[in-house]
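Subject: Structure handover and findings

Dear colleague,

Please find the structure below for your review. My notes on it come directly after.

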Amino acid sequence: MTGTLITVAPTGAESSKADVPALPVTIDELVATAKECEALGAAIIHVHIRDDAAEPTLDQGRLRDTVAALRQSTDLIIQLSSGGAVTDPESDRLAVLDARPEMASCTMGTVNFGDGVFMNRAGFIVDLHTRMQERGIVPEYEIFDLGQLTSLQRLLDKHGLPFGGHVHVDLVMGVPGGMPGTAEALVACHRAIRDLPEGTTFSATGIGRSTIAVMLASLSAGGHLRVGMEDTITYARGQAVESNMQLVARAVGFAQLAQRPPLSTAEARALLGVPA
Ligand code: KMH
Ligand code: ZN
């Protein structure tokens with residue numbers, strides 16, 4: 001079995017800087033976080049950006065500046081979120097690809113998202129998938145519920161493999177409105193992933209308190225890990241997360257315990273078909 005691909009998702013679009021002061025929101029904070037997480041063992045950074053008021057934004061100039069700054073300071077694979085915030089229009093989400101990341105997320109269906117709705121029409125998913133094929137961007141297919149894996153199978157059958165030829169999915173578990181963050185749900189997804197093209201890989205993240213159960217289940221099933229303050233702001237009962245590094249360090253420890261040490265950025269690129 002291969003080593004563990006570790007993705008850090010440091011910011012997200014949901015927590016506010018006022019509530020979570022340790023959240024990296026400026027480019028400088030993001031770069032500092034990225035460097036430290038890379039040194040610990042992360043290979044991918046899943047990026048959401050904020051504006052000067054620390055609010056979520058998909059501003060094109062800031063996206064490009066962020067990609068450039070991360071590229072200059074780290075060797076991490078830069079994966080921009082095309083999901084943004086639940087309020088972002090499709091046009092802005094599609095335009096994220098203009099910032100030329102190596103990877104971008106592509107969510108495989110609409111899902112209730114707490115009190116909001118994370119809208120992902122079938123036609124919009126096709127637009128994201130085909131534009132990434134054209135631009136040489138490797139997608140990470142975000143799966144919030146079991147049926148979205150069937151939608152992915154249909155997408156690939158009809159519109160072909162992604163750029164690079166390798167299929168990688170991320171199971172986002174425990175969102176209120178999506179599948180639960182349990183070993184049982186992960187095993188159900190694992191079974192469905194076997195129907196996807198041979199060699200398909202998966203990572204998993206458990207929102208909130210499901211983070212540890214999902215990490216352990218994913219490692220046991222041969223999956224990879226995503227951690228970060230986008231998904232988890234409580235480290236243990238009554239104990240706030242101090243930093244993204246704290247979460248990455250815990251994931252690295254679990255991966256080592258499973259005798260699947262973190263993949264280097266070069267190994268991760270080779271695995272995912274991301275050009276070096
Ligand atoms: N912020 C969520 C509404 C992604 O990055 O692609 C969507 C999300 C998924 O975080
Ligand atoms: Zn995200």
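The model is predicted, so local features need pLDDT of at least 70 and side-chain atom pairs count only at pLDDT 80 or more, while totals for chains, interfaces and linings use all residues. Residues are numbered from 1 along each chain as its sequence is written, and chains are lettered from A and ligands numbered from 1 in the order in which they are written.

Ligand shell

The residues surrounding ligand 1 are Gly-12, Ala-13, Ser-81, Ser-82, Gly-83, Ala-85, Val-86, Ser-105, Thr-107, Phe-113, Phe-118 and Glu-142 (near means a C-beta atom, placed from the backbone, within 6 Å). By class, five are nonpolar, six polar and one charged (Ala, Val, Leu, Ile, Met, Phe, Trp, Tyr, Cys and Pro count as nonpolar; Asp, Glu, Lys and Arg as charged; the others, Gly among them, as polar).

Strand β6

Strand β6 spans residues 103-107, and five of its five residues are buried (buried: 20 or more other C-beta atoms within 10 Å of its own; exposed: 12 or fewer; partly exposed in between; C-beta atoms placed from the backbone). Helices (H or I, at least four residues) and strands (E, at least two) are DSSP runs, numbered from the N terminus. Met-103, Ser-105 and Thr-107 lie on one side of β6, with Ala-104 and Cys-106 on the other. β6 pairs in the parallel sense with β5 (residues 77-80) over two bridges (pairing requires at least two DSSP bridges), and Ala-104 is the bridge partner of Leu-80. Five bridges join β6 to β9, also in parallel, with Met-103 opposite Val-138.

Helix α5

Helix α5 (residues 147-159) has 13 residues and reaches 18 Å from its first C-alpha to its last, close to the expected 18 Å (1.5 Å times one less than the number of residues). Its buried residues are Gln-148, Leu-149, Leu-152 and Leu-155. These are on the same side of α5 because they cover an arc of only 110° around the axis (the arc of directions from the helix axis to the C-beta atoms). They pack against α4, β9, β10 and α6 (contact: C-beta atoms, placed from the backbone, within 7 Å). The face turned away carries the exposed Asp-157 and Lys-158.

Helix α9

In helix α9 (residues 265-272), Ala-268, Arg-269 and Leu-272 are buried. They fall within an arc of 100° and so line one face of the helix. The buried residues of α9 pack against β2, β5, β9 and β10. Just after α9, Gly-273 takes a positive phi of about 75°.

Kind regards

Note on methods: Two residues are in contact if their C-beta atoms, placed from the backbone, lie within 7 Å.
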